[in-house]
Amino acid sequence: MCGIVGYVGDRECKELLLTGLERLEYRGYDSAGIALVNGSIDVTRRVGRVQMLRDAVGDGSHPATLGLAHTRWATHGGVTESNAHPIEACDGSGVTAVHNGIIENYVQLRTRLLEQGHQFHTDTDSEVISHLVEEHYDGDLVEAVRLAYNELHGHFAFAVIHRDHPNEILAARRQCPLVVGVGDGETFMASAIPAFMSETRRVQYVLDDEIVVATPEGATFLTGEGDVIERPIEHVDWDESAAEKQGYETFMLKEIHEQPDAIAETIGERLYHGELQLDGLNLDEQQIRELSRVVILACGTAYHAGLIGRYLLEEWARIPSESDIASEWRYRRPVIDERTLVIAVSQSGETIDTIAAMKEARAHGAHVLAVTNVMGSQATRDCDSVLYTRAGLEVGVAASKTFTSQVVLMYLLALKLGIVRGTIDATRAETLLAQVRALPELAQQTLDRGHLVEPIADRFWESEFFLYLGRYIGLPIALEGALKLKEISYIPTDAYAAGEMKHGPIALLDDSTPVVVIATDNHVYEKVLSNIQEVRARGAHVIAVATEGNTRIEELAEYVLYLPRTEPELQAALAILPLQQLAYAIAKRRGLDIDKPRNLAKTVTVE
Ligand code: M6R
């Protein structure tokens with residue numbers, strides 16, 4: 001997730017761009033950069049926040065009335081000045097671009113462009129955009145961008161300027177946000193409305209697979225084939241605080257809805273044309289085959305993602321796997337050695353319990369793989385290899401999009417290990433990879449049914465206790481669903497293995513208890529139905545999360561939240577979505593500060 005701002009008009013744009021960038025800093029702040037066109041293109045880039053860029057460009061005026069600026073959340077290529085945007089094509093080309101998202105086929109494009117003589121100067125996937133435009137340019141910038149756009153695979157938004165086109169910004173979008181701000185004799189282009197809201201409230205939304213040509217007179221929208229599309233101008237009347245959250249009432253709600261995108265980014269180029277590649281894993285095939293054990297360590301929500309990882313690694317890669325709470329594991333006397341893969345999962349990469357466990361694991365000679373969302377975090381320094389989730393900045397203290405991204409990374413990792421170890425056959429791997437690729441779309445379909453949690457919240461928001469039950473891969477989802485509800489609504493919850501309920505928690509049930517049961521389609525489905533019968537017999541109220549088509553559950557549960565059908569293991573990434581929405585709807589009815597629940601911190605750096 002990065003932030004893009006562009007301006008073309010008749011005013012000096014340096015300050016407009018810097019101010020816009022500051023309003024997009026929530027989208028990432030690893031580095032920032034600005035390109036100002038005035039006969040030539042002056043580009044300034046700095047690592048760190050926009051303030052560093054401000055200090056670098058100084059207070060003085062700059063005559064440019066065309067420019068682009070960018071704030072970066074690093075995904076491909078480290079947090080360095082040379083990887084910051086805007087990114088120029090070859091020296092003297094006059095082409096500069098900014099980009100948000102992932103170019104999945106950048107390796108293939110980069111290889112070809114290098115053969116064609118282009119000189120690359122960053123480690124990013126983004127750089128291929130500038131060089132492609134340069135390659136196709138023969139005086140017609142619109143056509144060059146259109147041809148470049150048609151070569152890109154992935155999901156992205158980008159903007160391009162050219163030294164010799166002082167009145168044009170070219171931009172395109174596929175799944176990443178992009179919006180045009182319409183002024184009087186000036187046009188803005190940005191990842192989000194707050195970037196230009198103080199200047200204009202007239203907007204045109206760029207839709208998927210569209211190219212935009214922005215000039216001072218306004219914007220023209222084109223299809224990839226070059227056909228013109230009409231786009232109405234709309235008026236936004238958000239206040240400043242709503243704008244920061246993209247019109248959502250809280251960051252958490254925004255982040256819940258960003259999950260299809262976070263999942264898509266996390267998959268990115270790692271899965272391309274059915275091939276699964278995990279750069280950063282840093283284990284060769286021989287080492288993967290020789291692994292004797294996997295230990296997954298984490299805290300809180302990340303621990304729940306790790307639990308899912310354990311099931312997947314056993315199921316697909318047939319490696320003995322365990323998952324433990326980092327703060328517990330480090331005080332055990334763990335039995336691990338050089339053939340153990342320790343996976344440390346941490347959104348922030350700074351959780352002290354997880355970091356300490358990583359150090360302990362390395363001291364025993366294990367290979368430590370960090371799974372984190374934050375480049376340059378402590379976890380990335382205390383490990384042997386890193387795989388990044390790419391959920392973008394998560395502001396809500398209760399994790400949502402970082403959890404689903406972690407789960408998706410576990411899918412990729414377990415599949416990779418299974419394929420290399422030969423424990424998953426080619427046909428099954430192909431099916432699973434295709435279904436992983438479909439997850440962003442399935443997540444969107446699931447979120448679109450969010451209104452179905454409202455009657456459940458209406459009925460139970462004043463309940464004093466919720467029980468969550470699940471078996472197999474549904475158990476970590478029950479744990480995570482229960483954690484979400486208790487974190488943001490302060491309602492006491494318990495989450496249990498459904499088969500274990502009869503050994504204790506069943507004593508808690510009476511006719512006032514809502515019981516959320518994860519009953520997705522898998523080999524324990526019938527067992528879960530029996531557990532639901534046990535709950536019903538005590539008069540408690542069953543809210544089931546089930547798979548489309550399994551309608552028999554409607555005879556047993558008072559409410560059923562259906563998920564689109566996919567492979568049994570992949571349902572975990574979907575099943576949490578209605579539970580996040582339910583927790584949210586209940587917390588809202590209780591009038592709580594959802595983004596900042598009491599007593600919690602986003603990053604826990606104390607033991
Ligand atoms: O940054 P980490 O993933 O290491 O954080 C771990 C936990 O502190 C975190 O998941 C916490 O449980 C959140 N409040 C969950 O919503």
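How many cavities of 30 Å³ or more does the count come to?

Mentor: This is a predicted model. The count comes to three cavities of 30 Å³ or more.

Take the largest cavity to begin with. Its volume is about 80 Å³. The lining of the largest cavity is made by 15 residues, and those nearest its centre are Cys2, Trp73, Thr75, Gly101 and Ser126. Strand β6, residues 95-103, contributes the most to this lining, with three residues. Sorted by class, the lining of the largest cavity holds eight polar, four nonpolar and three charged residues.

The second largest cavity contains about 50 Å³ of space. Its lining consists of Thr446, Arg449, Gly450, Leu452, Val453, Leu561, Tyr562, Pro578 and Gln581. Two elements, β27 (559-563) and α19 (571-589), each give two or more residues to that lining. By class, the lining of the second largest cavity splits into five nonpolar residues, three polar and one charged.

Now to the ligand, which is found in a pocket, namely the second largest pocket. The elements giving two or more residues to the shell around the ligand are α10 (300-317) and α17 (474-489). Helix α10 supplies the largest share of this shell, three residues. In total, 13 residues surround the ligand, and the closest are Ser346, Gln347, Ser348, Thr351 and Glu487. The classes in the shell are six polar, five nonpolar and two charged residues.

For glutamine 347, a backbone N or O atom lies 2.6 Å from an oxygen atom of the ligand. For threonine 351, the atom concerned is a polar side-chain atom, 2.5 Å from a ligand oxygen atom. Lysine 484 also places a polar side-chain atom by a ligand oxygen, at 3.0 Å. As for cover, the ligand taken alone exposes 410 Å², and the protein buries 91% of that.

To put the parts side by side: β6 gives the most to the lining of the largest cavity, β27 and α19 each give two or more residues to the lining of the second largest cavity, and α10 provides the largest share of the shell around the ligand.

Technical notes: Residues are numbered from 1 along each chain as its sequence is written. This is a predicted model: local features need pLDDT of at least 70, side-chain atom pairs count only at pLDDT 80 or more; totals for chains, interfaces and linings use all residues. Side-chain values use heavy atoms; hydrogens and water are left out. A residue is near a molecule or strand if one of its heavy atoms lies within 4 Å of it. A polar contact is a pair of N or O atoms within 3.5 Å; within protein, one must be able to donate a hydrogen and the other to accept it, and residues adjacent in sequence count only if both atoms are side-chain atoms. Accessible areas come from the Shrake-Rupley method with a 1.4 Å probe; for residues, only the protein chains shown count as cover. On a 1 Å grid over the protein atoms alone, a cavity is a set of points where a 1.4 Å probe fits but cannot get out, and a pocket is an open set with protein on both sides within 12 Å along at least five of seven lines; lining residues have an atom within 4 Å of a point. A molecule sits in a cavity or pocket if more than half of its atoms lie within 2 Å of its grid points. Helices (H or I, at least four residues) and strands (E, at least two) are DSSP runs, numbered from the N terminus. Ala, Val, Leu, Ile, Met, Phe, Trp, Tyr, Cys and Pro count as nonpolar, Asp, Glu, Lys and Arg as charged, and the others, Gly among them, as polar. Grid points are joined across faces, edges and corners, and a volume is the space filled by probe spheres set on the points.
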